[in-house]
Amino acid sequence: MNIRFKSAMHRKNFTGFISSKNANYYSSRSEFIAAVFLLSADKHLWERSKSAIARYSVNFNSIDLGGISTEGYALYKAARAVYNGEADISLSELCDWTLIDDPTTLTIFTGVMLLRNGVRILKQRV
């Protein structure tokens, strides 16, 4: 499977963070990698999330969500869901094209694949 980034900015944010903060990101938990992948997909969400991410953990309660887009909020909910193992976002929400655009939905599915298959799928693209 090839990793599908939402944009060039997403690729830069994700790979830059993983490379600089986690020299050996292959030893990181899949939940952490998937959450960072999802949080880094939206410019505004990423700016608000960076300070909540430590070396191998994410403090979702410290992320200020005020003013983010619907897509950013969906990415946040999906990141929190994959990280905590909770069902925060429903399939009906993901499939509602009036709420979440197609690129965001594909990004969320890629995040779930990172969770499911682990970081070994990153070796192909990062």
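A salt bridge is a side-chain nitrogen of Lys or Arg within 4 Å of a carboxyl oxygen of Asp or Glu. By this criterion, D64 pairs with R48, with 3.4 Å between the closest N and O atoms. The two residues belong to distant parts of the chain, 16 residues apart: D64 sits in the loop between α3 and α4, and R48 in helix α3. Helices (H or I, at least four residues) and strands (E, at least two) are DSSP runs, numbered from the N terminus.

The model is predicted; local features need pLDDT of at least 70, side-chain atom pairs count only at pLDDT 80 or more, and totals for chains, interfaces and linings use all residues. Residues are numbered from 1 along each chain as its sequence is written, and side-chain values use heavy atoms, with hydrogens and water left out.

The secondary structure consists of six helices and zero strands. Along the sequence the pattern reads α-α-α-α-α-α. Of the 126 residues in the protein, 45% are buried. Here buried means under 20% relative accessible area, exposed means over 50%, and partly exposed covers the range in between (1.4 Å probe, protein chains only). Contact means heavy atoms within 4.5 Å. Among contacts with a separation of 6 or more, 64% join residues 24 or more positions apart.

Helix α2 (residues 30–39) is mostly covered, with eight of its ten residues buried. These are F32, I33, A34, A35, V36, F37, L38 and L39. Helix α2 packs against helix α4 (residues 70–84) at an angle of about 180°, and the axes lie 8 Å apart. Axes are lines fitted to C-alpha atoms, for helices over the stretch in contact, and angles run from 0 to 180 degrees between N-to-C directions. The angle therefore makes α2 roughly antiparallel to α4. Angles under 35 degrees count as roughly parallel, over 145 as roughly antiparallel, 65 to 115 as roughly perpendicular and the rest as oblique. From α2, the contact involves E31, F32, A34, A35, L38 and L39; from α4, it involves L75, Y76, A78, A79, V82 and Y83. Eleven of the residues in this contact are nonpolar, none is polar and one is charged. In this division Ala, Val, Leu, Ile, Met, Phe, Trp, Tyr, Cys and Pro count as nonpolar, Asp, Glu, Lys and Arg as charged, and the others, Gly among them, as polar.

The largest nonpolar core has 34 residues, and L39 and F60 touch the most other members. A nonpolar core is a set of buried Ala, Val, Leu, Ile, Met, Phe, Trp, Tyr and Cys residues joined through side-chain atoms within 4.5 Å. At least two residues of this core come from each of α1 (8–21), α2, α3 (43–49), α4 and α6 (102–117). Helix α2 gives the most, with eight residues. Leaving out residues up to four places away in sequence, L39 touches L45, W46, S49, I53, V58, F60, I63, Y76 and A79.

The whole structure holds three salt bridges. R48, the partner of D64, is partly exposed at 30% relative accessibility. A second salt bridge joins the side chains of R29 and E31 (3.4 Å, N to O). R29 is partly exposed at 41%, and E31 is partly exposed at 28%. The remaining salt bridge joins the side chains of K50 and E47 (3.3 Å, N to O). K50 is partly exposed at 35%, whereas E47 is exposed at 51%.

Residue I89 lies in the loop between α4 and α5 (91–95). I89 is buried, with a relative accessible area of 17%. Its contacts, not counting residues up to four places away in sequence, are A74, K77, A78, L94, I100 and I108. The C-alpha atoms of I89 and A78 are 6.2 Å apart, at a distance of eleven residues along the chain. T105, in helix α6, is buried at 10% relative accessibility. Beyond its neighbours within four places in sequence, T105 touches L94 and I100. N84 lies in helix α4 and is partly exposed, with a relative accessible area of 39%. N84 and V58 stand 26 residues apart in sequence, and their C-alpha atoms are 9.9 Å apart.
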